[in-house]
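Here is a friendly briefing to read alongside the structure. Keep the viewer open and look up each part as you meet it.

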Amino acid sequence: MLSANIQDQINRELKKYPVDQKQSAVMSALRFVQDEKGWIATDDMADIAAFLGMPQMAVYEVATFYHMYNLKPMGKTTLTVCTNLSCTLCGSADTVAYLTSKLGIGFGEVTADGKYGMREGECMGACKDAPLMTINNKKLCGRLTPAKIDQILAELDKS
Amino acid sequence: MINIEIDGKLVETQRGSTVMDAAHKAGVYIPHFCYHKKLSISANCRMCLVEVEKAPKPLPACATPAADGMKVHTHSEMAVKAQKGVMEFLLINHPLDCPICDQGGECQLQDVAMGYGGNASRYTEEKRVVEPKQIGELISTNEMSRCIQCTRCVRFGQEIAGLMELGMANRSEHAQIMSFVNSSVDSELSGNMIDLCPVGALTSKPFRYTARSWELSRRKSVSPHDSVGANLAVHTKDNKVVRVVAAENEEVNECWISDKDRFSYEGLNSAERLTRPMIKQGGQWIEVEWAAALEYVANGVNQLRRSAGSDQIAALATPNSTFEELYLLQKLMRGIGSGNVDFRLRQSDFSADGKQDGAPWLGMPVAELNTRDRFLIVGSFLRKDHPLLAQRIRQAVKLGAQANIMHASDDDLLMTVTNKAIVAPADLPGVLAQVLKALSIEKQAAVPAEVADVTVGTEAAAIAASLASGKDGAVLLGNFAQQHPEAVQIALLAEQIAVLAGAKFGYLGGAANSVGGYLAGAVPFGGAVQGMSAAAMLAKPRKAYILLNVEPELDMADPQAAMKAMNSADMVVCLSAFKHTGMDYADVMLPIAPFTETSGTFINTEGRAQSFKGAVKPLGDARPAWKVLRVLGNLLDVPGFDFDTSEAVRDEAGIAGNLSNHIEGLALKGAAVTPAGLQRVADVPIYAADALVRRATALQKTHDAATPVAMLHSSELQKLGLNSGDAVRVTQGGVSVQLTAAANDGLAAGTVRVAAGHPATATLGAMFGTITVERA
């Protein structure tokens, strides 16, 4: 079952679309689930399908098409590191190596305590600040250096 | 109309049509995979790239609208270079396993690769591998690596079957066709995806590795199951049917067939096939020669005629029998002086017999369903009873038609339903009366006196308003309405509604020869000798029964009455393709040929007579039933039984009978009293509807063939103190069976849905009536 909070959010989203086009809200619905649970299980997709009156497979198509949906648990905080051209030229490999040494996880993995997960990301559209990573797809962090990463992780540890 | 030039040929084509359409008109072939005339355009395979003058690059013919004066080259250097390039890309990931691929020899990709592919690949890297998925018992996805992602199967689900069961997950290199979390594809039309797949990614599970396509002989045939009369191509190898695929007939089945039409052939090769005539002597079945068996039948019939009178002999046939068989059966019966012949086995209201103007039919050509703008569908398990008619109605609804449903069970029709009235079976005529009254008022016509007193409910008013607002409506009666104990009242009300609404009135025919049976005269009225209806023959048991294809406990409206009559009869003669429970009560079993082994005719619900030839020789000593009946006629000295061919039988019978749904001389009745207690709602599950499909092994493993459960509305379950999943004892006519209870909130209050036509429920009573449910 979708939580009352998610249902509220989807209902608010649905106001943007014609009543017979409820499936337009599918991307938002998936996002609301991920915001609340950290990832999207197939059961959640089935619930969304039922809520929006669309085929389950159509929800699954959308969820698997877009990279920013987590289809398995990715820890409390998901760090997504951009590895596209600009970031790579500016040293994203070092960012990944530093995060791996610090957290002991590679791409697609979660720390043993479930706090952090790391994913490989696509261009975040802010190449002037390369190398980049995002926190939970919401907060963009640029010009990453080991010191800056330490600082970010320290803040995240506190919260 | 606009003019366009394709490869130098001038073609006139409709504005808004595509270059591909115009090319078809001009007879120019453009290679393609994802394009299909019945599906939406997706333009994702890019194989149909052509050169259009003044366009800077090649354009996909399937998605490019034709414009006046357009000049298209399909074989120019630019076009061929583009097509070859696409072909090379498509072959990058396609495995070179044609020698072991089921599609080999009938593969679009293979054919097009012959024309446009290189003789070697420049690609030396690893090919992608896609894991097989489990999507049910009918379609194999074991070699999904072969998929070229044309998405025809996905679009078929969305647009034709009405439910998107397959989809394309992930993207780019990782894109895969799959179902949601390995759920099975349960559409009753799913097999068409196998035909649609241009490569060997979706293959037929029952057929896999049985034969190579070039070893097969292809014979045209007609489906013996539902009343559409879908055209089939029966593929045979070594005198055995190994596969059935769709044959195109735009006016009947378009290019689709239902899974029942496609996979029921497995029943033809069933171990239960009856292959030798048998006589029961001293409680033991012994195999005999045909001459001895027929002699035995003739002697038995003659003895009974003398001792008890011809009236004591009765004949029952399924509506899946051919027109010729039905004609000869009734001719034989009338020849020996008995009018007791009927093929309407599941019908329970015979009060209109002799009062109909003609054979009840669809009231319009099948193809006209697509053009209706309003539907009132009364008492129909539409999707399961008429998969292809449901598909046509679905297309009409997509174009804006309104579907109104009146039934005891709110099954998902996979289309938008505008209004529905879900009521218990006994209330069905009452709601129709409400609609009639509301529509009379709406149309400012005189309200018929019989319905003047009814109170119009909101649902009936909404249905009436919907019908009144349309121009080309259709009021259709389904199997449930035709089997209803008040079927004639329902028909009378429906006809008046149709007349008021200016709509066509029709019956969704129950089976392949529901119209043909009437035209063949296989009914107890209208002939020289009047007789008893199917129900009367059981109510007043006869001394002898001749059963043509009938399994009484599964095919009849009241299995209890049927079995009682069979068990008490002095002689029962079964003409059957299969061994069945007749082995317990019959005296003679005569092996007859199923539809692939005989010639014959089916007259579908629109009155279209379609004759077919046998595809293979009869199995063992089985013989076409028309030949068996002919010899019986000769042995019984009935004149006019000297037919050389089934065509001669057909021509004597005459296929051009009168079709009419009008009933003369019967008046509407007032409201009926609702009986106390739970009412039975009996569907005949799609894969339990006739003897052949009951023995189709793969179909019997699907969800639609699951053992029947006792379905009740959750409020009814609560009243009985039951939960979904509890074992319950269902009792009707003094016999109980144990079933599992299941909640189904689509059912009307006061009803229990217990399927008929299945061995698990075959000892229960009539398909309609009261029934009790209690904790087991």
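The largest nonpolar core has 264 residues, and Leu329(B), Leu432(B), Ala494(B), Ile497(B), Val573(B) and Ala710(B) touch the most other members. Please keep in mind that this is a predicted model.

**The nonpolar cores**

- Helix 14 (residues 487–501) of chain B gives the largest share of this core, 11 residues.
- There is also a second, separate core of 15 residues, and its members include Leu99(A), Leu103(A), Tyr116(A) and Ala130(A).
- Which residues does Ala710(B) contact, leaving aside its neighbours within four places in sequence? They are Val728(B), Val730(B), Leu739(B), Thr740(B), Ala741(B), Ala742(B), Val752(B), Val754(B) and Val773(B).

- Ala710(B) stands opposite Ala741(B), which is in strand 30 of chain B.
- Strand 28 (residues 710–712) of chain B runs parallel to strand 30 (residues 735–743) of chain B, and three bridges join them.
- As background, strands of a sheet pair through backbone hydrogen bonds, either parallel or antiparallel.

**Chain B as a whole**

- Chain B contains 23 helices and 32 strands.
- Its radius of gyration is 28 Å, close to the 28 Å that the globule rule gives for 776 residues, so chain B is as compact as a globular protein of that length.
- Along the principal axes, the C-alpha atoms of chain B fill a box of roughly 90 × 65 × 55 Å.
- How many of the 776 residues of chain B count as buried? The share is 56%.
- Among the contacts in chain B with a separation of 6 or more, 73% are between residues 24 or more positions apart.

**A five-stranded sheet in chain A**

- Chain A has an open sheet of five strands, ordered 2-3-1-4-5, and its pairing is mixed.
- Strand 2 (109–110) and strand 5 (139–141) of chain A are the edge strands; each has a single partner strand, so one side of each lacks a neighbour in the sheet.
- Strand 1 (residues 77–82) and strand 4 (residues 133–135) of chain A are antiparallel partners, paired over three bridges.
- Thr80(A) stands opposite Thr134(A), which belongs to strand 4 of chain A.
- Helix 6 (residues 92–103) of chain A lies across strand 1, strand 3 (116–121) and strand 4 of chain A, at about 150 degrees to strand 1.

**Ala29(A) in its surroundings**

- Ala29(A) sits in helix 2 (residues 26–37) of chain A.
- Why does Ala29(A) count as buried? The reason is that Ala29(A) has 29 C-beta neighbours inside 10 Å, and the cut-off for buried is 20 or more.
- Beyond its neighbours within four places in sequence, Ala29(A) is in contact with Ile10(A), Ile48(A) and Leu52(A).
- From C-alpha to C-alpha, Ala29(A) and Leu99(A) are 31 Å apart in space, and they are 70 residues apart in sequence.

**Where the chains touch**

- The contact takes nine residues from chain A and 12 residues from chain B.
- Helix 4 (residues 56–65) of chain A supplies the largest share of the chain A side, seven residues.
- By class, the chain A side has five nonpolar, three polar and one charged residues.

Notes. Residues are numbered from 1 along each chain as its sequence is written. Chains are lettered from A and ligands numbered from 1 in the order in which they are written. This is a predicted model: local features need pLDDT of at least 70, side-chain atom pairs count only at pLDDT 80 or more; totals for chains, interfaces and linings use all residues. Helices (H or I, at least four residues) and strands (E, at least two) are DSSP runs, numbered from the N terminus. The radius of gyration is taken over C-alpha atoms; the globule rule is 2.2 Å times the number of residues to the power 0.38. A residue is buried if 20 or more other C-beta atoms lie within 10 Å of its own, exposed if 12 or fewer, and partly exposed in between; C-beta atoms are placed from the backbone. Two residues are in contact if their C-beta atoms, placed from the backbone, lie within 7 Å. Two strands pair if DSSP finds at least two bridges between them. Axes are lines fitted to C-alpha atoms, for helices over the stretch in contact, and angles run from 0 to 180 degrees between N-to-C directions. Ala, Val, Leu, Ile, Met, Phe, Trp, Tyr, Cys and Pro count as nonpolar, Asp, Glu, Lys and Arg as charged, and the others, Gly among them, as polar. A nonpolar core is a set of buried Ala, Val, Leu, Ile, Met, Phe, Trp, Tyr and Cys residues joined through C-beta atoms within 7 Å.
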